[in-house]
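Here is a friendly walk through a two-chain model. Have the sequence and the 3D view open beside you as you read.

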Amino acid sequence: MDFRRPLRVVTPTLEGDVLRVMAGADAEFTGGEVHRLVEHGSRDGVRDALDRLVDQGVVLCRPAGRAHLYRFNREHVAAPWIEGLAGVRQQLLERLRSEIEGWAVQPVAAAVFGSVARGEAGPESDLDVFLVRPASADEDTGWDEQVAALAAAVTRWTGNDARPLEFREDELAAGAGDEPVLRDVLEHGIEIGGSLRALRRRVRI
Amino acid sequence: MTRRCEETIAAGRMKKANQFLEAAETVGDLADDEAEVRDAVVTLLVHAGIAAADVICCKALGQYSIGGGGHDEAVRLLARVKQPDGTELSKRLGQLLGVKTKAGYTYRSVTAAERKTARRAAENLVKAARDL
């Protein structure tokens with residue numbers, strides 16, 4: 001799955017990226033504004049994609065002076081599915097939170113970090129998951145099994161590999177926040193369990 | 001008034017949303033008496049929520065409110081966002097803006113209930129911005 005372009009799970013064309021933008025807001029956009037939010041493709045390419053979506057009725061178009069304004073048609077029978085696909089990133093994060101919430105041994109902190117958290121991930125990107133293992137989680141507590149199960153689940157849910165990065169609680173002394181990976185987690189990490197805030201306070205220099 | 005938003009603006013506003021929320025929590029934790037710092041905490045929560053709303057609008061609409069159109073403008077703009085749920089989040093932003101003047105500019109102090117509402121509102125907005 002391409003975390004930045006979720007509709008690529010069903011279409012590799014520019015129309016998918018345009019639909020992600022259009023479904024994300026109840027607003028009218030010019031072709032240029034859509035092009036800027038899509039962040040790739042040519043301006044003409046985006047406009048052609050918009051016109052093809054207008055033909056399908058899923059995008060509405062009205063003239064405004066010399067420009068055209070486009071709006072997502074939420075009454076279209078296909079609209080709920082497009083909206084669902086446009087929001088898969090948030091759905092994935094909620095699914096991760098829900099999975100971790102059900103763990104018998106709770107992490108001190110858990111976060112998605114790396115390229116996915118920074119919004120730079122592509123279709124081949126791994127999902128980096130940062131976990132702080134509590135001091136009480138010995139080998140026989142089931143901690144390792146629940147981490148492995150989460151990694152396997154991520155692959156089933158997305159097609160991407162999950163890359164768990166685990167720290168033990170006792171590795172996180174004051175000053176550890178200088179470590180580059182931890183700095184990335186603390187700056188850009190998306191909390192999916194435990195408390196990043198508590199972690200931040202613990203490793204503060 | 002709204003302004004066109006570039007990626008650097010969204011990233012900078014996200015950093016500030018995190019910073020204000022973190023500072024609000026730290027100030028609250030360090031105080032012996034929570035009521036003594038309540039206005040400062042709520043003011044930081046308001047700023048966290050406003051910055052988070054800017055991030056959400058930047059990413060979904062390509063523009064954000066820069067003031068001049070009253071508080072309603074930022075709330076109305078956020079309500080146009082559908083991913084995440086702008087209707088719900090705009091209510092949270094409205095709650096924060098509703099307590100902004102009392103916390104920051106008047107002689108009266110916000111209540112414990114207002115602080116609780118502000119905290120929940122700011123946390124919801126910052127979480128939605130981070131998840132985008």
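The buried residues of α1(A) are covered by elements that include α2, α3 (43-56), β1 (59-64), β2 (67-72) and α4 of chain A. Helices here are DSSP runs of H or I with at least four residues, strands are runs of E with at least two, and both are numbered from the N terminus. Buried means that 20 or more other C-beta atoms lie within 10 Å of a residue's own, exposed means 12 or fewer, and partly exposed is in between, with C-beta atoms placed from the backbone. Helix α1 of chain A runs over residues 14-23, and nine of its 10 residues are buried, so the helix is largely enclosed by the rest of the structure. Those buried residues are Leu14(A), Gly16(A), Asp17(A), Val18(A), Leu19(A), Arg20(A), Val21(A), Met22(A) and Ala23(A).

Before going further, please keep in mind that this is a predicted model, in which local features need pLDDT of at least 70, side-chain atom pairs count only at pLDDT 80 or more, and totals for chains, interfaces and linings use all residues. Residues are numbered from 1 along each chain as its sequence is written, while chains are lettered from A and ligands numbered from 1 in the order in which they are written.

**The two chains**

Chain A has nine helices and six strands. Its radius of gyration is 21 Å, well over the 17 Å that the globule rule gives for 205 residues, so chain A is more spread out than a compact globule. This radius is taken over C-alpha atoms, and the globule rule is 2.2 Å times the number of residues to the power 0.38. Chain A is divided into domain 1 (6-86) and domain 2 (88-203), with bounds that come from an automatic or database domain assignment. The C-alpha centres of these two domains of chain A lie 34 Å apart.

Chain B has five helices and two strands, which follow the pattern β-α-α-β-α-α-α along the sequence. The radius of gyration of chain B is 14 Å, close to the 14 Å from the globule rule for 132 residues, so chain B is as compact as a globular protein of that length.

Some values for each chain are set out here.

| Chain | Span along principal axes (C-alpha) | Buried residues |
|---|---|---|
| Chain A | about 65 × 35 × 25 Å | 38% of 205 residues |
| Chain B | roughly 40 × 25 × 20 Å | 52% of 132 residues |

Contacts can also be sorted by sequence separation, where two residues are in contact if their C-beta atoms, placed from the backbone, lie within 7 Å. In chain A, 65% of the contacts between residues at least 6 apart in sequence join residues at least 24 apart. In chain B, residues 24 or more positions apart account for 67% of the contacts with a separation of 6 or more.

**Where the chains meet**

How many residues of chain A are in contact with chain B? There are 15 residues of chain A in contact with 12 residues of chain B. On the chain A side, the elements giving two or more residues are α2 (31-38), α4 (79-86) and α5. The largest share, three residues, comes from α2(A). By class, this side of chain A has seven nonpolar, three polar and five charged residues. Here Ala, Val, Leu, Ile, Met, Phe, Trp, Tyr, Cys and Pro count as nonpolar, Asp, Glu, Lys and Arg as charged, and the others, Gly among them, as polar.

**Helix α5 of chain A**Helix α5 of chain A (residues 88-101) has 14 residues and reaches 19 Å from its first C-alpha to its last, close to the 20 Å expected at 1.5 Å a residue. That expected span is 1.5 Å times one less than the number of residues. The buried residues of α5(A) are Arg89(A), Leu92(A), Leu93(A) and Leu96(A). Seen down the axis of α5(A), they fall within an arc of 100°, so they line one face of the helix; the arc is that of the directions from the helix axis to the C-beta atoms. An α-helix has 3.6 residues a turn, so residues three or four places apart point the same way. On the other side of α5(A), Ser98(A) and Glu101(A) are exposed. The buried residues of α5(A) pack against β3 (109-113), α7 (143-158) and β6 (190-194) of chain A, together with α5 (112-131) of chain B.

**Two single residues**

Ala109(A) sits in strand β3 of chain A. Is Ala109(A) buried or exposed? Ala109(A) is buried, with 27 other C-beta atoms within 10 Å. Leaving aside neighbours within four places in sequence, Ala109(A) is in contact with Val132(A), Gly194(A), Ser195(A), Leu196(A), Ala198(A) and Leu199(A). The C-alpha atoms of Ala109(A) and Val203(A) are separated by 12 Å, and these residues are 94 residues apart along the chain.

Asp32(B) lies in the loop between α1 (7-30) and α2 (38-61) of chain B. Asp32(B) is exposed, with 6 other C-beta atoms within 10 Å. Between the C-alpha atoms of Asp32(B) and Arg130(B), 98 residues apart along the chain, the separation is 31 Å.
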